[in-house]
Amino acid sequence: MSTSIVALLDMLKFYTRFEISDESGDPLTDHDMTQIHYSNITSLQKAAFAKFPELRYFALANVASVDTRKSLEKHFGPLSQEKLRLIATYLNLVPPPGKEDEYKWCRLDENFLRELLISRHEKRASQLEALNEMPLYPTEDIIWDENVVPTAYFSGEGCLALPKLNLQFLTLHDYLLRNFNLFRLESTYEIRQDIEDAVSRLCPWQAEDGNVYWGGWARMAQPIINFAVVEVAKPNIGEKRPSRVRADVTVNLAVRPEIKAEWENLRKHDVCFLITVKPPNPIGTKYNYKEPFIPQVGLHCIRGCEVEGMLDSNGRVIEDGPEPRPMLPGDQRTYRVWENNFKAVLETIRELMNTECVVPEWLHDIILGYGDPSAAHYAKMPNQIPTMDFNDTFIDMDHLRSCFPDYQIKVKTDDPKKLVRPFKLTFEDLGKEEEEEESKVIVVEAHVNPRRGPYLFNEPKKNMIYFTPTQVEAIKSGMQPGLTLVRTLIVTHSNQALNQLFDKIVALDIDERHLLRLGHGEEALETEKDFSRYGRVNYVLAKRLDLLMQVEKLQRSIKVEGDVAYTCETAGHFYLYQILSRWEHFLSITKPKSGQEVPVSTISEEFPFHQFFEDAPQPLFKGQSYKEDLEVAESCFRYIDHIFKELEEFRAFELLRSGLDRSKYLLVKEAKIIAMTCTHAALKRKELVEIGFKYDNILMEEAAQILEIETFIPLLLQNPQDGFNRLKRWIMIGDHHQLPPVIKNMAFQKYSNMEQSLFTRLVRLGVPTVDLDGQGRARPSICDLYKWRYKNLGNLKHVENWPEYRLANPGFIYDFQLIDVQDFNGIGESEPSPYFYQNLAEAEYCVAVFMFMRLLGYPASKITILTTYNGQKHLIRDVINTRCANNSIIGRPHKVTTVDKYQGQQNDYILLSLVRTKAVGHLRDVRRLVVAMSRARLGLYIFARVGLFKNCFELTPAFEQLTSRPTKLHLVLNELYPPVRQNNQRPIVKPMIVQDMTHMANYVYKYYIERVKQLRQYYEQTEKKWHKPGDVEIHSHEGFVSAHPGEDRDTDSEDETEGAQLPIPIEEEPIDNKVVESMETQTAQITDEGDNEINQPMEVQEEVSQPESHDSDSSQQRESQDQAQDEEMEEGNEIVRDTGEVENDE
């Protein structure tokens, strides 16, 4: 019997004995299953004692001695078929004699009857015990076992012994178990890919002396210089293996500085693998990717471990903290690692399965896929909130009315001056039984938030976004208890998505001491402030000092002696005995209990804090209105009161001395909005539960891109209270029409449906959703390419009215265009290694159009080049390195990456290469098409084999619109950036029609030369010369500007013209003189008016550098790294290439 059949039978056997009641469907615990087992075998013993004397010994034995398969076979093996049938009949397991015809499916042979009695009464192996014994780190026996981890190729035919993630699950245990097994297998498959890639790059060979010689290098794999086991801990009670093994691993980091920095930044809990190889092949043997991996490299052993930390020069682990890490001499670094069966998500799932998993009652059935899908919607929740403070959500009353067209609006005042935001809304149809539609009434009450102080910075930031009715419904739904498909926990699938969301939160009117960003990636936030744990601790300590200085200033202003601003505690006493008493005295005079009228001047005369607020806008009191002046005085006291309230909250930071304790206190007590990735939530769940972390709300961004189990874990980051989960709101934001979570193994992705996110599953189940019906990113014409995939998707007003959307893209006839790219030198797509697809013609065409745009003045930061394959991404980068990367006029685009990696991002202008010319490939997935078409705001230019893609049925709605326009690029030659021509206005001159890639590339070359001449003329006319350093007055920058944001590409030479790189014409086809003359004529049409728009004049090298030779090494060095979809790490972690040459397929 084949291994797969055995595995399928084991799975069937497991689910026939699953921990669920056959009658009620309720989940059963291990204790319940044990009681059922005892009941079954006790019934068998009673039957044996009463009716079958030959089984008397079995009947009198204790249960533990006879409930194994071996002991049952011993007792029932010698029995005849007649005896076995009598026992089975007595237990009502088979029909009695004479009724066999009624149950024709039932077998009565001896083997079947014996197996029936044994399998029914043998002790069931505990799945939980087996799960706890299972190592979370895979070994060499598991990683390359095709029966356990199938290869990437899966045809979709046949049945695999894998669990499936469908719409419904039996119990929470079943839900967790399926996810545990699939997540473990998918992780093992990724580990296999990473190990094969890293070890093959290191090129292990057998030296002449029998040792290992390393013929290559890998970015994140290093040969071990020294290895020493430093601790073997005793086993835990009831276990046989050591509870922990710790070792010191020394490596030599004589590598490039950026790679060395990555190794030195390995943090606690990062996972590493220790590998032993004994290569059989001599030095110089070439690694063959098509042959089996293990025999080639001689791999013997793999063990997973976890980084505890890097050791300092004294052999102590360097702890993470707010203090800078010490600088270590030399290149050798030693890491303390341990093996303790830890792996973030897997360990968390296993922990949940071993504890009472308390899911909010209102969510339980929905997660399992049962019951009413809308049961968790706020309209059906018992604890609805009728009155809600929408704060500044609405711009004005007209905006409010437009957001609730189905409601009758009632206001509590008719004075239009008082009907200004913020608004409180009372929904009369909430909190009551369902009534007729006429009862849909909203009572609007405008209220005034108390002023925070007399300073301008005390004014709150106000919302300026004109929310649509659908967006307001989403806000309303998010404010109500229940599940909405908006203290809050924010979880995303990646650091990039989290940072984008957190950047926007930071800009809101939220006290930044309540914001906290957990996990790796906080350094990438586009803000100067540090929102990490230790960054917030440092902020609190610095803020404490600032506030104590304010207390000292206040002390001087009221002329009180003593050192009251020494600590938060002394400041609290000062507030209680000096400040509060003076304020109460002021109120007793300005607001007497007798209610008699007080002169306006009394407020200013009696106010005790004039000197403290002397730096506020003056006059502090205008003396025109008693009410206004009293409100100013009260706002001043609120400002002072807020100082002392903050100091009282910061008092704990004086008592807690260590950075770790302070950061834990900050997380539990101070932070109100905590942001983290779902991976970090799984990694830190145990720690968060132990320190008493609590939250009421969860908001998940990009929820359709998060794995099912990684969406589930953040619901359980806190201990239940009295057996109940305190979670009140769960808001999921996502788009299931875009790309799902990344699953690299096709069998797990398609057969097991592991790519289905929980968000998508809830949508399929029919859970009510709020579908946003207005887009505010792209021109309406570009939006038409993908809006057919959505229900009633329209455009927000600004994409129709703002000038940037109404103006045409300079140099282009169309705002979007599909450009047909034919074979170049007889070659279209190429595949140097499996799944590493490239298309040189499209790569050159994309780069030529990018260079053209830069010559017109388009900012590089507004241009992104996307492609659908990793191989093409590397080829485009190589073409850019060869053509223009170091050219100060052109430089690099903002990003060159894949469509999959760019989901969730946008740019003004997108150049998209579809690569394939033989088969459509994975763009056939409409979700990938939607992502590709929806990244551009103002311009989208697609390079593809038109004849292939226009015939693809799944892509028809988009490609019908694309092919309605010419498929040859149409350019306008007399325009420069920024745009001037209206979008619906035809250009004055006849457009230039680009015939093919070589035509475009050669035109760009000639145009570049012409632009250089214009720049030189501009210099001569303005008499701006370069001078030696020190001779130039310091004003604004007049020299070279970095070609790419964040990078300095200037030369080290004082002569700025040295080494300037010029574009290189395509050499494979000769330049036709007639074509050159034609292009010179076209170039001459550029008027002198364009010269005046040059912002940063530059000198460039006169001579065109000699054409560089092309070879195929550069792209092929990385073929193995990116097979299938194997590059899912951040761009900063990619393998650095040594050359910038372009692959030539000839």
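P978 is found in the loop between β25 (970–971) and β26 (992–993). Helices (H or I, at least four residues) and strands (E, at least two) are DSSP runs, numbered from the N terminus. The peptide bond from Y977 to P978 is cis, with omega near 5 degrees. The bond from Q618 to P619 is also cis, with omega near 0 degrees. P619 lies in the loop between α20 (600–606) and α21.

This is a predicted model: local features need pLDDT of at least 70, side-chain atom pairs count only at pLDDT 80 or more, and totals for chains, interfaces and linings use all residues. Residues are numbered from 1 along each chain as its sequence is written, and side-chain values use heavy atoms, with hydrogens and water left out.

**Backbone and exposure**

Two residues other than glycine carry a positive phi here: N391, near 50 degrees, and V915, near 70 degrees. N391 lies in strand β8 (residues 387–391). V915 sits in the loop between β23 (907–913) and α33 (926–933). Buried means under 20% relative accessible area, exposed over 50%, partly exposed in between (1.4 Å probe, protein chains only).

| Residue | Relative accessible area | Class |
|---|---|---|
| E82 | 52% | exposed |
| Q296 | 14% | buried |
| N391 | 37% | partly exposed |
| V915 | 0% | buried |

**Helix α6**

E82 belongs to helix α6 (residues 81–90). Its C-alpha atom is separated by 9.8 Å from that of L113, 31 residues apart along the chain. In α6, L84, R85, I87, A88 and T89 are buried. The buried residues of α6 pack against α2 (30–51), α5 (69–76) and α7 (110–121). Contact means heavy atoms within 4.5 Å. Just after α6, N92 takes a positive phi of about 60 degrees.

**Cores and rings**

A nonpolar core is a set of buried Ala, Val, Leu, Ile, Met, Phe, Trp, Tyr and Cys residues joined through side-chain atoms within 4.5 Å. The largest has 112 residues, of which F613, F644 and F712 touch the most other members. Helix α21 (residues 626–655) gives the largest share of this core, 12 residues. Apart from it lies another core, of 53 residues, among them A843, Y858, V896 and L1015.

Beyond its neighbours within four places in sequence, F613 is in contact with P454, Y455, F607, Q618, L620, C636, Y639 and I640. F613 is also part of a cluster linked by ring pairs, whose members include Y455, W583, F607 and Y639. Rings of Phe, Tyr and Trp (its six-membered ring) pair if their centres lie within 6.5 Å; planes under 30 degrees apart count as stacked, over 60 as edge-to-face and the rest as tilted. The count comes to 46 aromatic pairs.

Charges also meet rings. The charged end of K440 sits over the ring of Y407, 4.8 Å from its centre. R536 lies over the face of Y539, at 4.4 Å from the ring centre. The rule asks for NZ of Lys or CZ of Arg within 6 Å of the ring centre and within 35 degrees of the ring normal.

**Around Q296**

Q296 lies in helix α12. Leaving aside neighbours within four places in sequence, Q296 is in contact with P280, N281, K286, Y287, N288 and E291.
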